[in-house]
Amino acid sequence: LQFSCGWPLEDIMAKVQKVGRELDVTASVDRYEVVGGGSGGDVLGSGLEAVKARVSFISSGQHVDYHVRVIFEGKYWTVTRRFNEFAALSDALSKRLASVPEMPQKSVVRQFSHEYLEARKSGLTAFLREICKRRDALNCRELQDFLLLMQRMPHFFDIGSPEPVQSAEVQESTFGIADLDYDPVQGLLVLGSTDFSWSSRVDTKITNIKMPWEKKAPNLPSSQMSLWHQAPSELRFEMQGVSRFTASISCVLLAASRDKAACLCGLSDGTIGVQPLRPDRDARTGGSGGVSVLPLVRHTSAVVALALDDAEQWLFSASSDKAIIVFDMKRQMIQCEVQAPAAPTKMLYCQDHRKLFTATKSGVVVVWDTSFMPMQKLATIPDSGFISNNPITAMDFDAQSGTLFTGSKEGIILWAVKINDNARGWGRKLGHVSNIASAPNCLAFLPSSREVVAGFASGAVVIFDVDRGEPSYSIKAHTDGVTTLRWLDAPRRLLTASKDKTMKIWDFPSMERAPLDSSSLGFQSQGFQSQGYQSQGYQSQDIGRSYDGTRTRSSASGYGGGSYAGPAGGDPLLGRGASIPQNNSFPPSSNGGGYGYNAPLSRSSDPGSAPSRAPVYDPGRDPHTGEPAPLRASGLSGAPAPTQRPHVVGAKPSAALAHDDSDDDLAGWAN
């Protein structure tokens with residue numbers, strides 16, 4: 001079914017540039033061949049060869065070669081592969097893609113019977129055909145190397161390649177990053193990192209136990225919240241301050257208001273940590289270890305999500321004890337406290353129409369009206385109130401079209417949210433992407449290209465095409481699980497954070513899009529699995545605004561756009577760069593002000609110009625990070641990749657820069 005809510009799809013789709021390339025490749029196993037045999041020597045040698053031929057874990061001996069016929073752009077060639085190379089390809093794709101087609105099982109003992117080999121040939125052919133139908137798989141370098149696309153087609157990389165490129169990186173030295181918040185206008189970045197290793201956390205708790213002969217407990221931290229400032233017109237960050245906590249951090253929030261400018265973090269002990277942006281307006285001190293926490297706000301269980309009403313300066317905190325507390329940061333008082341039907345997992349806030357969305361472990365989303373206190377429940381999505389065993393692990397909301405995106409083990413579901421004038425609301429299912437192997441940890445909607453980005457525990461960032469209802473591209477962004485995403489639609493920029501202690505910034509390809517009248521905007525989706533329901537007429541009128549990727553608040557991303565007039569950094573692509581004032585008003589770091597060095601920037605004749613976006617391809621390097629690509633299962637070297645080096649902050653200098661004595665290379669080193 002095709003869903004429409006206001007304007008035809010072809011009016012915008014013709015001028016929107018999607019990520020990745022359209023490749024028409026066909027591959028199938030044409031035939032197989034049993035290779036190798038007896039050595040022809042003595043009896044002992046023949047016996048050893050017979051054993052080797054039967055054990056699949058030994059590379060030598062008798063084996064089967066499969067001849068794969070590949071067709072691309074009217075040309076065809078044959079690639080010879082063994083079964084273990086098929087298995088290596090499947091393992092590599094499973095770490096990058098949301099799901100991988102089923103492949104024949106690998107046996108411990110090799111079998112060479114005709115029936116067995118024919119069945120395996122059919123299974124491998126089905127695997128290749130399903131993989132070649134997937135746009136995200138065809139854009140993976142592992143599959144391209146497996147099919148020898150680059151070697152057989154010299155002009156392969158001359159084809160337009162709108163691929164994301166990593167442009168910057170911030171590294172935490174101690175803990176994995178659990179959440180981030182970013183203000184591109186003021187150039188402020190907040191990272192909340194915590195110890196994800198349970199054994200390390202147990203060891204820290206045991207160490208923090210006060211012994212009778214000790215004057216005080218060691219009080220070792222298990223998490224920290226760091227504040228970073230972006231350099232003017234550059235994607236380079238410098239640490240301004242850090243606060244450490246004995247409790248774990250689950251979420252962070254940047255409250256950049258005029259009166260109470262501070263960084264906030266939700267802690268596992270039920271409190272909310274505070275790091276002021278200006279030292280003259282410190283928060284009150286309390287809690288264990290003498291760290292700064294918000295007064296009065298104390299949950300009986302861990303805080304899992306934070307959101308902020310910028311106009312009223314109301315802080316919403318959700319806890320696993322099902323309580324949602326509204327705290328007035330101006331008056332320093334609690335406005336109200338309500339109970340969710342189940343333990344919350346995610347929370348985001350729509351500022352213009354003052355609606356709070358709370359995702360729960362029961363698989364439902366509760367919509368609250370915050371225009372008056374105590375806030376009232378408007379809707380439950382789905383409105384049937386069906387309780388599921390699959391908790392919602394990720395959520396995002398497009399205020400322009402009134403579309404809610406939820407992620408769980410069931411997949412990614414699109415909901416049309418409607419709130420009428422009688423303070424009643426409901427949600428209708430628009431589409432469903434079900435072909436994912438695990439629940440996403442975070443979601444972000446890309447309005448300019450109508451795509452959904454999802455971060456997974458494997459470290460992959462997968463892009464789903466809303467119009468087709470299927471995955472279209474994948475990035476192996478991190479070596480550990482992706483914890484949060486933040487999308488900036490104006491510069492087409494994505495921020496990703498992970499348990500591997502890194503935060504990376506990716507520049508997506510720019511698009512050519514004709515301006516549209518905001519009154520004609522709506523939502524349309526085709527290609528998703530339909531529930532037999534036509535959603536025309538369910539475009540939200542009560543929740544609608546121009547989406548710019550910065551106003552919808554959540555525990556994982558979003559900023560208030562408040563009136564805090566602190567040091568300005570600015571996003572170079574937004575054209576809001578400014579100089580850093582001499583008197584820095586941020587509190588100093590307790591460890592000396594940083595973790596290392598700032599990577600040297602590329603020289604430019606215009607210091608205020610934006611970094612170059614055009615990639616230069618270099619054979620043998622990863623297409624996203626620019627690092628040397630490892631050898632694939634086929635034994636081939638990596639394919640061309642952009643050589644533009646991302647700006648890395650917080651890591652050791654590379655060996656290539658060890659003998660560079662320029663002034664820029666020394667920036668960030670402690671005296």
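Author: In this predicted model, two strands are said to pair if DSSP finds at least two bridges between them.

Reader: What makes strands E11 and E12 a pair?

Author: Strand E11 (residues 262–267) is joined to E12 by 5 bridges, with the two strands running antiparallel, and pairing asks for at least two bridges, so E11 and E12 count as paired. Within this pairing, Leu264 stands opposite Val274 in E12, and in the hairpin of E11 and E12, which has 4 residues between the strands, Gly270 takes a positive phi near 90°.

Reader: Why is strand E12 called mostly covered?

Author: Buried means under 20% relative accessible area, and 5 of the 5 residues of strand E12 (residues 272–276) are buried, so the strand is described as mostly covered. Ile272, Val274 and Pro276 are buried on one side, and Gly273 and Gln275 are buried on the other.

Reader: Why does Ala178 count as buried?

Author: Ala178, which lies in strand E6 (residues 176–183), has 11% relative accessibility, and the limit for buried is under 20%, so Ala178 counts as buried. Leaving aside neighbours within four places in sequence, Ala178 is in contact with residues including Gly192, Phe196, Ile249 and Thr483.

How values were computed: Residues are numbered from 1 along each chain as its sequence is written. This is a predicted model: local features need pLDDT of at least 70, side-chain atom pairs count only at pLDDT 80 or more; totals for chains, interfaces and linings use all residues. Side-chain values use heavy atoms; hydrogens and water are left out. Buried means under 20% relative accessible area, exposed over 50%, partly exposed in between (1.4 Å probe, protein chains only). Contact means heavy atoms within 4.5 Å.
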